[in-house]
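The questions below take some labels one at a time and ask what stands behind them.

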Amino acid sequence: AIKKIATVPNISSPSSLQLNNKDQVAFIDYKAQEDKGKAKIYLYESGSTIRIIEIEPEIWSTGGLQFNDNGQIVFSSIIYWNAPSDIYFYDGTSITSITANLILSGYSSLNDQGQLAFEGVNTKEQQSDVYLFDGKSIHNITEKLNAWATHPSLNGEGQIAFVVTDESMG
């Protein structure tokens, strides 16, 4: 059955819509009507919409939106294509940058413990690796594989599945 959760006014171009198991919705609005040119990330819960952050127009892209059942939100921003990106973590109260100085692909997975697995290009080794943010620090969990690691999926137990492609295979 279809269930209407909300009607959100003054939103013109929502994208990256995420729904959790508590009927909360997080989304990005790239063309907010009241302030064109700025991307805004919103959280809808309990009948009201909360603007989490407003991102300046010089940010080339905002994406990688992930949302868990605790209302935590993770997203990334890119200043320009193929450049190191920033990752931001919203804990329900404040936003923290968890930047690893990596070129991010947008593939990420957030669990209910606030752990984040994500794909980024290790510029030193020039390979794609899977990283884990454990709530305090970032760890490259595939650095020693000497292969491209992509598309991480993180479960509630902290286990990560990902795809590995051997570069020597062409």
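Q: Where is Gln72 found?

A: Gln72 is in the loop between β5 (61–67) and β6 (73–78). Strands here are DSSP runs of E with at least two residues, helices are runs of H or I with at least four residues, and both are numbered from the N terminus. This is a predicted model, in which local features need pLDDT of at least 70 and side-chain atom pairs count only at pLDDT 80 or more, while totals for chains, interfaces and linings use all residues. Residues are numbered from 1 along each chain as its sequence is written, and side-chain values use heavy atoms, with hydrogens and water left out.

Q: Why is Gln72 called buried?

A: Buried means under 20% relative accessible area, exposed means over 50%, and partly exposed is in between (1.4 Å probe, protein chains only). Gln72 has a relative accessible area of 14%, so it is buried.

Q: What makes the pair of side chains of Gln72 and Asn68 a polar contact?

A: A polar contact is a pair of N or O atoms within 3.5 Å; within protein, one must be able to donate a hydrogen and the other to accept it, and residues adjacent in sequence count only if both atoms are side-chain atoms. The side chains of Gln72 and Asn68 make such a contact at 2.6 Å.

Q: Which residues does Gln72 touch, not counting those up to four places away in sequence?

A: Contact means heavy atoms within 4.5 Å. Among the residues that Gln72 touches are Phe67, Phe89, Tyr90, Leu110 and Gly114.

Q: Why is strand β2 described as largely enclosed by the rest of the structure?

A: Five of the five residues of β2 (residues 25–29) are buried, so the strand is largely enclosed. In a regular strand the side chains alternate between the two faces of the sheet. In β2, Val25, Phe27 and Asp29 are buried on one side, and Ala26 and Ile28 are buried on the other.

Q: How do you know that β2 and strand β3 pair?

A: Two strands pair if DSSP finds at least two bridges between them. β2 and β3 (residues 39–45) have five bridges, in the antiparallel sense. At one of these places, Val25 has Tyr44 of β3 as its bridge partner.

Q: Why does Ser97 count as partly exposed?

A: Ser97 has 41% relative accessibility, so it counts as partly exposed. Ser97 is found in strand β8 (residues 95–97). Leaving aside neighbours within four places in sequence, Ser97 is in contact with Ile87 and Tyr88.

Q: What makes the phi of Asp23 worth a remark?

A: Most residues other than glycine have a negative phi. Asp23 is not a glycine, yet its phi is positive, about 60°. Asp23 lies in the loop between β1 (14–19) and β2.

Q: Why does Asn146 count as exposed?

A: Asn146 has 58% relative accessibility, so it counts as exposed. Asn146 is in the loop between β12 (138–140) and β13 (148–154). Asn146 also has a positive phi, about 55°, although it is not a glycine.

Q: How many helices and strands does the protein have?

A: The protein has zero helices and 14 strands. Of its 170 residues, 41% count as buried.
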